[in-house]
Each structure stands twice: as structure tokens, then as C-alpha cells.
Amino acid sequence: MDDVHFSINLVADVLQMWSQPFMVNAFRAGTIVAVLSALIGWFVVLRRQTFVGHTLSAVGFPGAAGATWLGLGALTGYFAFCLVAAAVIAALGGRGAGRHGHESALVGTLQGFLLACGFVFVALYRGFLTGTNALLFGSFLGVTGGQVAVLAALAVPVLASLAAAGRPLLFASTDAETARVAGVPVRALDLGFLLLLGATVAAISSITGALLVFALLVLPAATAHRITARPARSLALSVLFGLVAVWTSLTAAYFSPYPLGFWLTSIAFAGFVAAGGIRAGHDRRHRAVRRFAW
């Protein structure tokens with residue numbers, strides 16, 4: 001793309017970028033990925049399950065590598081490994097006060113074992129090494145119209161399930177013991193949410209690769225949580241930050257020689273740092289007002 005150049009005419013730049021069919025597909029897929037990861041990621045951060053999210057992202061790699069080795073297609077492997085790993089974590093993750101420590105040990109063990117399996121699959125599939133980067137970092141700019149349609153078809157049931165279970169899931173995520181006493185099926189919600197997380201990671205990994213999906217799951221949601229504790233506002237901000245990060249990074253990657261992954265993680269991280277600064281400034285002003293009032 002030697003004729004690609006950035007100018008001060010933003011409208012012309014956008015039209016130039018969208019004249020390329022692969023960029024149109026990238027923006028369509030990126031929009032779906034941003035919305036899906038922001039909503040699921042918001043609950044991941046709220047439930048303090050970022051390590052689980054990282055593990056499910058990582059196990060997508062051995063899943064895709066193993067499925068490709070067996071001739072089943074990478075998407076099949078992403079779903080098989082992510083859903084099975086989510087079910088195992090839900091079944092063996094423990095309950096009660098020591099739950100998170102027990103869960104972290106289990107998740108770390110599972111992640112280490114499955115990553116080792118991934119490299120074995122790569123070694124068994126001779127000549128597959130050139131595709132390893134695609135499994136880890138995806139091929140966002142090489143998305144086809146068919147892949148966008150498949151991604152949309154996978155996202156609809158996940159979002160519908162999340163919408164249906166949203167209120168009890170929020171209750172169980174903020175105070176599990178009170179929710180259980182109130183009759184909320186906390187254990188079933190734990191399992192259901194992990195399966196939704198596994199399906200989300202599998203669907204997104206087929207576009208972004210196994211590593212970028214974790215950044216999309218955590219950074220926009222964590223930024224939103226830093227700004228406000230109100231659920232509706234925080235969820236909306238999480239989606240907004242996800243869309244800004246994806247759209248901006250796609251534009252930057254198109255007009256620069258640097259990879260999309262660099263731009264995506266850098267922009268999302270810059271937003272997280274900026275939100276921390278805004279929150280610290282707000283807290284200082286609030287303390288100053290309280291001292292003045294006394």
C-alpha cells in the first residue's frame with residue numbers, strides 16, 4: 001500500500017481508508033469485538049476474574065494449534081478448549097471465602113499445562129510455525145466478510161444470554177452470600193458466566209488471536225470501573241472505550257508501519273492511565289472540599 005498517506009483532511013483520510021474492502025471488514029469485525037469484549041470484560045473485572053480471563057485467552061492457542069494439527073479448523077479448537085477450560089474452572093474452582101486463592105492455583109496450573117500442549121501441537125504439525133503468529137496475534141486486517149458474519153452470529157446468543165442474566169449476575173457478582181440467601185442461583189450463574197466468557201474468548205480469538213483478546217477484555221472495562229461505580233454508566237463507558245480503542249488503533253495501523261497489536265494495547269493502556277489520573281484528581285478535590293467544610 002505505497003499510496004497510503006495521512007493528511008490533515010480527516011474526511012478524505014477516512015474515505016481513503018474505507019475504499020479498501022479489507023478495512024471495511026476490519027471495522028465491522030472490530031465493532032462487534034469491541035462491544036462483546038467490553039460487556040463481558042466489565043463483569044470479569046467486577047468479579048475479579050481477570051486471571052481466569054487471561055487463562056481462557058491463553059488456552060485458545062493450544063486449542064487452535066491442536067485443531068489445526070487434526071485438520072478440524074482453528075475456530076473449532078478455540079471453542080473446544082475455551083469452553084472445556086471454563087467448565088473445569090467452574091467445577092473445581094471452589095466456593096466460599098478461600099475461593100479466589102484456590103481458583104488462582106487451579107487456573108495457573110491449567111494454563112501452564114495447556115500452553116505446553118500448544119507448543120507440542122505446533123511441533124507435531126510440521127511446517128505450521130509460520131502460522132503461529134496468526135494464532136497468537138490474529139489477522140485483524142485480513143478478516144473476510146464471511147468471518148464477520150460468523151462473528152456476528154456467535155455474538156448474538158452471547159449478548160442475549162448476558163442481557164437475560166444481567167441483573168441476577170450483577171447481584172451475585174457484588175455480594176454472593178446475600179444473593180444466595182435471597183434465592184439467586186449463584187453456582188449456576190458462576191458456571192453460566194464462565195461458559196459465556198469462554199465462548200466470547202473463542203469467538204474473538206479467531207479474529208484477534210489468543211493474546212490481544214485479553215487486552216480487549218480487561219483494559220476498557222478496568223478503565224470504566226476507575227471512573228464510576230454506577231453499573232449502567234460504567235457499562236456504557238466500557239463499550240465506548242472499547243470502540244474508541246479499536247477504531248483508533250485500526251486507523252493508526254492503516255496509516256503507519258506499526259502493527260495493530262501495538263496500537264491497540266497502547267491506546268487502551270493510555271486510557272487506563274488517564275482514567276487513573278482523573279480519579280486521583282477527583283479524590284484530591286473531594287478531600288479538599290471536606291477539609292474546608294470542617
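This is a predicted model: local features need pLDDT of at least 70, side-chain atom pairs count only at pLDDT 80 or more; totals for chains, interfaces and linings use all residues.
**Annotated spans**

An unreviewed UniProt entry assigns the feature "transmembrane region" to residues 26–46, 67–93, 105–125, 137–160, 193–222, 234–255 and 261–281. Two of these spans may be described further. Residues 26–46 are 100% helix and 0% strand, with their end C-alpha atoms 29 Å apart. Residues 261–281 are likewise 100% helix and 0% strand, and here the end C-alpha atoms are separated by 30 Å.

**Salt bridges**

The model contains 2 salt bridges. One joins Asp 190 to Arg 47, with 2.7 Å between the closest N and O atoms. Asp 190 belongs to helix 9 (residues 186–227), whereas Arg 47 sits in the loop between helix 2 (21–46) and helix 3 (50–70), so the pair ties together parts that are 143 residues apart in sequence. Both partners fall under the 20% limit that defines a buried residue: the relative accessible area of Asp 190 is 9%, and that of Arg 47 is 7%.

The salt bridge between Arg 180 and Glu 177 has an N to O distance of 2.9 Å. These two residues are 3 residues apart in helix 8 (residues 176–181), a separation of about one helical turn. Arg 180 is partly exposed, at 32% relative accessible area, and Glu 177 is also partly exposed, at 48%.

| Residue | Relative accessible area | Class |
|---|---|---|
| Asp 190 | 9% | buried |
| Arg 47 | 7% | buried |
| Arg 180 | 32% | partly exposed |
| Glu 177 | 48% | partly exposed |

Arg 284, Arg 285, Arg 287 and Arg 291 form a positive surface patch. Of this group, Arg 285 is located in helix 11, which covers residues 260–293. Arg 285 counts as exposed, because its relative accessibility is 54% and the class begins over 50%. The annotated span at residues 261–281 lies within the residue range of helix 11.

Thr 31 is a residue of helix 2 and is partly exposed, with 28% relative accessibility.

How values were computed. Residues are numbered from 1 along each chain as its sequence is written. Side-chain values use heavy atoms; hydrogens and water are left out. UniProt positions are given in the numbering used here, feature names are shortened, and annotations may be inferred rather than shown by experiment. Helices (H or I, at least four residues) and strands (E, at least two) are DSSP runs, numbered from the N terminus. A salt bridge is a side-chain nitrogen of Lys or Arg within 4 Å of a carboxyl oxygen of Asp or Glu. Buried means under 20% relative accessible area, exposed over 50%, partly exposed in between (1.4 Å probe, protein chains only). Patches are made of residues with over 30% relative accessible area and no salt bridge: like charges are joined within 9 Å, nonpolar side chains (Val, Leu, Ile, Met, Phe, Trp, Tyr) within 5 Å. Accessible areas come from the Shrake-Rupley method with a 1.4 Å probe; for residues, only the protein chains shown count as cover. Lys and Arg count as positive and Asp and Glu as negative; His and the chain ends are not counted. The place of a charge is taken as NZ of Lys, CZ of Arg, CG of Asp or CD of Glu.
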